[in-house]
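Welcome! Please have a look at the protein shown here, and then we will walk through it together, one topic at a time.

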Amino acid sequence: MQTPYYLIDKSRLLPNMEKIAWLREHSGAKCLLALKCFATWSVFDFMSDYMDGTTSSSLYEVKLGHEKFPGETHAYSVAWADHEIEEVLASSDKVIFNTAAQLQRFEEVSRNHTRGLRVNPGVSTSDFDLADPARPFSRLGEHAPEDIEPVIDMISGFMFHNNCENGDFDRFDTMLGVIEQRFGHLIRRMDWISLGGGIHFTGEGYPLHRLAERLRRFADDNGVQVYLEPGEAAITGSTTLEVSVLDTLFNGKNLAIVDSSIEAHMLDLLIYRESAKMEESGDQDWMICGKSCLAGDIFGEFRFPEALKPGDRLSIQDAAGYTMVKKNWFNGVKMPAIAIREMDGTERLVRDFDYADFASALS
């Protein structure tokens with residue numbers, strides 16, 4: 001298959017799905033795929049056997065979840081527009097408003113729909129200000145119980161989303177305790193509570209049994225149905241970005257230019273100044289560089305058993321989350337195709353992109 005392409009390996013996706021299924025069974029929580037992280041619907045039929053539906057951040061994600069993923073469709077957005085709301089309601093089971101003002105604005109049109117409100121508890125696990133929902137002056141959710149109280153009878157649930165790549169159960173437990181302390185009197189008036197995503201419970205060594213017990217206790221103590229919204233947790237480790245070396249040079253370091261770009265194909269690496277992941281071996285140090293004209297288009301520095309040369313194939317690991325949903329046409333660099341490796345090891349191309357796709361994205 002011609003590089004570059006994202007390769008989703010179902011055999012590596014399956015362990016995440018099995019952990020999600022186990023957690024659902026033993027905690028009573030329902031799990032919704034967060035489409036903002038991963039929306040490659042060619043594997044939704046596989047994932048839907050292990051999950052309860054999808055949650056969204058926009059009208060288009062709502063429609064995609066409704067059309068492609070069996071189960072519940074939760075519709076959340078930081079702000080719904082007047083021209084969107086009818087279609088949002090038609091395509092969802094629950095609509096979640098970011099503020100009491102939006103809830104009141106659309107109260108009449110959504111009156112016969114299951115409604116929720118996002119609540120910001122003021123604590124989070126994010127190490128990046130850019131991604132911290134509890135950052136100063138955050139617009140993400142209502143902060144004060146006294147601002148929620150006047151609209152409490154319009155809703156049946158809350159969404160709390162304050163975890164971010166949190167693999168520490170004790171930290172999760174502590175923050176959930178803060179939520180119960182501040183908002184418990186309101187939570188107990190609800191039918192359902194979403195605790196959002198960012199809980200890295202499919203990671204190696206994570207105490208799933210403790211998480212299941214804590215979620216069940218939270219649900220029982222408050223009389224609510226708990227939802228989780230895994231994104232990265234659902235697809236971590238399942239996908240690679242397959243690339244080829246196009247050229248090499250030495251400029252104080254060994255440099256290899258590949259037929260991909262972090263700016264266009266793994267944008268989060270650029271945004272958060274992080275290195276890509278690659279399986280390393282040997283004592284040859286090489287900087288892997290993207291082919292765009294952006295000077296900082298660098299995947300990272302890695303070790304290889306021998307010198308790289310044009311034509312060599314490389315696999316960038318853990319390339320599912322926040323990649324395909326953010327890919328773009330910067331520099332006109334060819335967008336990676338999408339391929340799936342089935343459980344029997346066979347690979348199939350499910351989508352390719354060409355010049356017509358590039359041209360049609362412009363005007």
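## The start of the chain

Pro4 sits in the segment before strand β1 (5-9). The peptide bond that joins Thr3 and Pro4 is cis, with omega at about 0°.

A few words on how to read what follows. This is a predicted model, in which local features need pLDDT of at least 70 and side-chain atom pairs count only at pLDDT 80 or more, while totals for chains, interfaces and linings use all residues. Residues are numbered from 1 along each chain as its sequence is written, and side-chain values use heavy atoms, with hydrogens and water left out.

## The whole chain

The protein chain has twelve helices and 16 strands. Here helices (H or I, at least four residues) and strands (E, at least two) are DSSP runs, numbered from the N terminus. The radius of gyration of the chain is 22 Å, close to the 21 Å that the globule rule gives for 363 residues, so the chain is as compact as a globular protein of that length. That radius is taken over C-alpha atoms, and the globule rule is 2.2 Å times the number of residues to the power 0.38. Along the principal axes, the C-alpha atoms fill a box of roughly 65 × 50 × 45 Å.

Of the 363 residues, 54% are buried. Buried means under 20% relative accessible area, exposed means over 50%, and partly exposed is in between (1.4 Å probe, protein chains only). A contact means heavy atoms within 4.5 Å. Among contacts between residues at least 6 apart in sequence, 67% join residues at least 24 apart.

## Surface and charges

The accessible surface of the protein chain comes to about 16300 Å², and 48% of it belongs to carbon and sulfur atoms. Such areas come from the Shrake-Rupley method with a 1.4 Å probe; for residues, only the protein chains shown count as cover.

How far apart are the mean positions of the positive and negative charges? For the 36 positive and 57 negative charges, they are 1 Å apart. Lys and Arg count as positive and Asp and Glu as negative, while His and the chain ends are not counted. The place of a charge is taken as NZ of Lys, CZ of Arg, CG of Asp or CD of Glu.

## Helix α3 and its cover

Which residues of helix α3 (residues 59-68) are buried? They are Leu59, Glu61, Val62, Leu64 and Gly65. Their cover includes α2 (44-47), β3 (53-55), β4 (72-76) and α4 (85-90).

Helix α4 also holds Glu87, which is partly exposed, with a relative accessible area of 32%. Leaving aside neighbours within four places in sequence, Glu87 is in contact with Leu59 and Lys63. Glu87 and Val62 are 25 residues apart in sequence, and their C-alpha atoms are 9.1 Å apart in space.

## Aromatic pairs

The structure holds ten aromatic pairs. Rings of Phe, Tyr and Trp (its six-membered ring) pair if their centres lie within 6.5 Å; planes under 30 degrees apart count as stacked, over 60 as edge-to-face and the rest as tilted. One of the pairs is Phe46 with Tyr50, which is tilted, at 5.9 Å centre to centre and 50° between the planes. Phe46 counts as buried because its relative accessibility is 13%.

Phe158 and Phe160 form an edge-to-face pair, with 6.1 Å centre to centre and 75° between the planes. Both Phe158 and Phe160 are buried. Ring pairs link Phe158, Phe160 and Phe183 into a cluster.

## Loops worth a look

Phe137 is in the loop between β6 (114-118) and α6 (145-148). Is Phe137 buried or exposed? Phe137 counts as exposed because its relative accessibility is 86%. Its phi is near 65°, a positive value in a residue other than glycine.

The loop between β14 (313-316) and β15 (337-341) holds Asp318, whose phi is near 50°, again a positive value in a residue other than glycine. Lys326 is found in the loop between β14 and β15 too, and is partly exposed, with a relative accessible area of 28%. Not counting residues up to four places away in sequence, Lys326 touches Ala264, Leu267, Asp268 and Ile271.
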